[in-house]
Every structure is written in structure tokens, then in C-alpha cells.
Amino acid sequence: MKFCAFLRGVNVNGTSMKMKDVCDVFSKGGMQNVQSLLASGNILFESENDAEALKPILEKSMSEAFSYEAFLFVRSLEEIEAIAENMPFKTKEDFHNYVFISDKETSAELLTFFENAKNKEQESAKIVKDVFYWQTPKGNTLQSDFGKILGKKSLKDKLTSRNFNTIEKIIAKQK
């Protein structure tokens, strides 16, 4: 099966690694056809195991290799394609569309955070099939009240986000 591992907190806040080195860790861990996409921690690979079995193996390998507490989220190509198909927002020229890779409970928590955020007049958020999607004006991502929650320590092991363009690139590269 084809997968993508979405690493959290890579090449930000002092956690720096080369994607070639990350790919080597995945290969040594038994993953096949390993390649990276962008420097933000998107690792494409194949495995006969399922995502649930892969997550702890890969987190342990990454933590040991890079001496940090690794958090990653593994999704199959089919799951990533469904994420793309369910995007609830149309592309707008001056807006970013984001996808949050998490579990069902965290998506609901994110929606609550969004609903309670201030100054979100131009932003939109929606959960579709347990996936949280967010649209925000370009240049507003980290300045918005909702965007600031992305760095909350209580969420570090529960989610990671990607620009929708990255999701589309992952699908294109896996085909």
C-alpha cells in the first residue's frame, strides 16, 4: 500500500533535519520506495503494514535518529485522495486552504476553537468526514486568533496541518 507520513514540527523551532536523512530512517525501518515531498516533512512510501501499526514504529525510529520527540500521522493514498475530494472550499486567489491531519475528536476540538475565536470574519472552517478544513486570507495564517492555536503544546501530538496545495502534490506524486 502507498502511504504518506506527515511529520509535525519539522524544520521549525530548532528541529532541523534533511529530508534525505529522514528517508534513510524510513528505509532502514523497512519502508519501500521512500521519497520526500517538500522540506516540511511529507514522506511518501510503501508498506505491507497498516497505518496504525506503522505510526509507533516510525515515531520511535525518528525519535531515536534525530534525538527529539517525533510526532507523525500516517495516511494511505486512498485516505489522502478522500481528503482532497471532500475539500469544502473553492479556491480563492487571496486565500489559503488548509487540511488538518488528526483524529475525529481533535477535529471536533478544532471546530470548537474556531467557533470561539475572535476576528474570523473572512475565515471559514468545516469538518467533512472527520477531517477539519480551514480557509483563511493569505498572510493571516499565524496572525489569526484561530491560527495561533496551531502552536499549542497540548495539541502537539494530536494534529498537523498542510496547505491544500501540498495534498494535491502528494496525490500527483503517488500516481
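My entries follow in that order.

Entry 1: I am working from a predicted model. I looked up the strand order and found an open sheet of four strands, β2-β3-β1-β4, with antiparallel pairing. Which strands stand at the edges? They are β2 (32–37) and β4 (72–76). Each has a single partner strand, so one side of each is left without a neighbour in the sheet. From one strand to the next, the twist averages 20°.

Strand β1 (residues 2–7) runs antiparallel to strand β3 (residues 42–46), and five bridges join the two. Cys 4 stands opposite Leu 44 of β3.

**Entry 2: helices on the sheet.** I noted two helices here. Helix α2 (residues 51–66) lies across β1, β3 and β4, at about 145° to β4. Helix α3 (residues 77–85) lies across β1 and β4 and runs at about 90° to β4.

**Entry 3: Ser 144.** I found Ser 144 in the loop between β7 (131–137) and β8 (159–163). Is Ser 144 buried or exposed? Its relative accessible area is 3%, so I logged Ser 144 as buried, the limit being under 20%. A polar atom of its side chain lies 2.8 Å from the backbone nitrogen of Gly 147. Leaving aside residues up to four places away in sequence, Ser 144 touches Glu 123 and Trp 134.

**Entry 4: salt bridges.** Side chains of opposite charge can pair when their charged atoms come close. How many salt bridges does the count come to? I get five, and I followed up some of them.

Asp 24 pairs with Lys 20, with the closest N and O atoms 3.2 Å apart. Both lie in helix α1 (residues 19–28), four residues apart, about one turn of the helix. Asp 24 is partly exposed at 31% relative accessibility, while Lys 20 is exposed at 58%.

Glu 64 forms a salt bridge with Lys 60, the closest N and O atoms being 3.1 Å apart. These two are four residues apart in helix α2, so about one helical turn separates them. Glu 64 is exposed at 55%, and Lys 60 is exposed at 53%.

Glu 109 and Lys 158 meet through their side chains at 3.9 Å, N to O. I logged Glu 109 as partly exposed at 27% and Lys 158 as partly exposed at 34%.

Terms used. Residues numbered from 1 in each chain as written. Predicted model: local features only at pLDDT ≥ 70, side-chain atom pairs only at ≥ 80, totals over all residues. Heavy atoms only, no water. Pairing = 2+ DSSP bridges. Axes fitted to C-alpha atoms, helices over the stretch in contact; angles between N-to-C directions. Contact = heavy atoms within 4.5 Å. Buried < 20%, exposed > 50% of the residue type's maximum accessible area, 1.4 Å probe, protein only. Polar contact = N/O pair within 3.5 Å; in protein donor to acceptor, adjacent residues only side chain to side chain. Salt bridge = Lys/Arg side-chain N within 4 Å of Asp/Glu carboxyl O.
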